[in-house]
Amino acid sequence: MKKLIVASTSTVHGSGYLEYILPTLKEHFAHVSSLVFIPYARPSGITYDEYTAKARAAFNTIDIEVKGIHEFENPKEAILNAEAIFTGGGNTFELVNQLYKNDILVTLKEVLEKGTPYLGTSAGSNICGVTMMNTNDMPIVYPPSFETLGCIPFNINAHYLDPIEGSTHMGETRETRIKEYHIYNKTSVLGLREGSWLEINGNQIVLKGDLTARVFKQNKVPYELESESEVVI
């Protein structure tokens with residue numbers, strides 16, 4: 001049975017890395033002593049070792065050992081044998097590119113479907129959807145496919161931002177971009193705001209955090225989904 005936390009972000013304003021969600025992670029990973037960290041998204045271009053050290057420091061506070069997938073000789077075996085898995089944020093294009101390059105996308109999906117506990121933040125959440133096509137990231141590399149894990153039956157737009165009233169910014173809003181996406185694609189999109197996350201147990205998906213999430217469906221008016229609601233879109 002799937003056991004996933006799909007979070008919009010790793011860090012909220014005024015809080016340390018993963019600090020805001022640590023109580024939830026302690027419960028989510030209650031029976032876990034170690035996890036495999038996937039640092040492929042490399043936020044700001046940091047090294048895998050630097051990124052893994054950051055994750056290790058956060059999980060050390062809840063007594064969970066962290067080892068980066070790049071530290072294993074065989075990444076596929078690392079995924080298969082992992083007690084739990086965490087994929088961090090950064091650039092979704094590079095993350096997906098490396099998952100394909102290392103031939104672990106299918107393996108990752110298989111272990112998650114079988115119940116290996118998982119945490120994704122930002123890019124690591126984007127890959128839980130049907131495709132990565134609603135990422136906000138620049139296409140710095142070109143992955144073999146935009147198809148991702150499909151652990152949830154819709155796509156995620158992490159760090160979803162509402163238009164700022166009175167702003168003079170003339171660029172497109174997130175809602176505009178998602179409407180453009182729906183001209184050519186049917187998959188629904190969940191705009192997940194900062195500090196919000198999804199808890200997934202089996203086929204049940206529940207929105208958590210203090211904020212609503214915005215639901216986008218092709219040819220439908222977008223609407224808000226209340227926190228603690230089951231996500232059925």
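View 1. R214 has E224 of β11 as its bridge partner. This is a predicted model, in which local features need pLDDT of at least 70 and side-chain atom pairs count only at pLDDT 80 or more, while totals for chains, interfaces and linings use all residues. Residues are numbered from 1 along each chain as its sequence is written, and side-chain values use heavy atoms, with hydrogens and water left out. The four strands form an open sheet in the order β6-β7-β10-β11, with mixed pairing, and its edge strands, β6 (155-158) and β11 (223-225), each pair on one side only.

**View 2. The seven-stranded sheet.** Seven strands make an open sheet of mixed pairing in the order β3-β2-β4-β5-β1-β8-β9. Because β3 (65-68) and β9 (204-208) each have a single partner strand, one side of each is left without a neighbour in the sheet. Strand β8 (residues 197-201) runs antiparallel to β9, joined to it by five bridges, and I200 has I205 in β9 as its bridge partner.

**View 3. D162 in its loop.** D162 lies in the loop between β6 and α7 (174-184), and its side chain is joined to that of R193 by a polar contact of 2.8 Å (a pair of N or O atoms within 3.5 Å; within protein, one must be able to donate a hydrogen and the other to accept it, and residues adjacent in sequence count only if both atoms are side-chain atoms).

Notes:
Pairing = 2+ DSSP bridges. Helix = DSSP H or I, 4+ residues; strand = E, 2+ residues; numbered from the N terminus.
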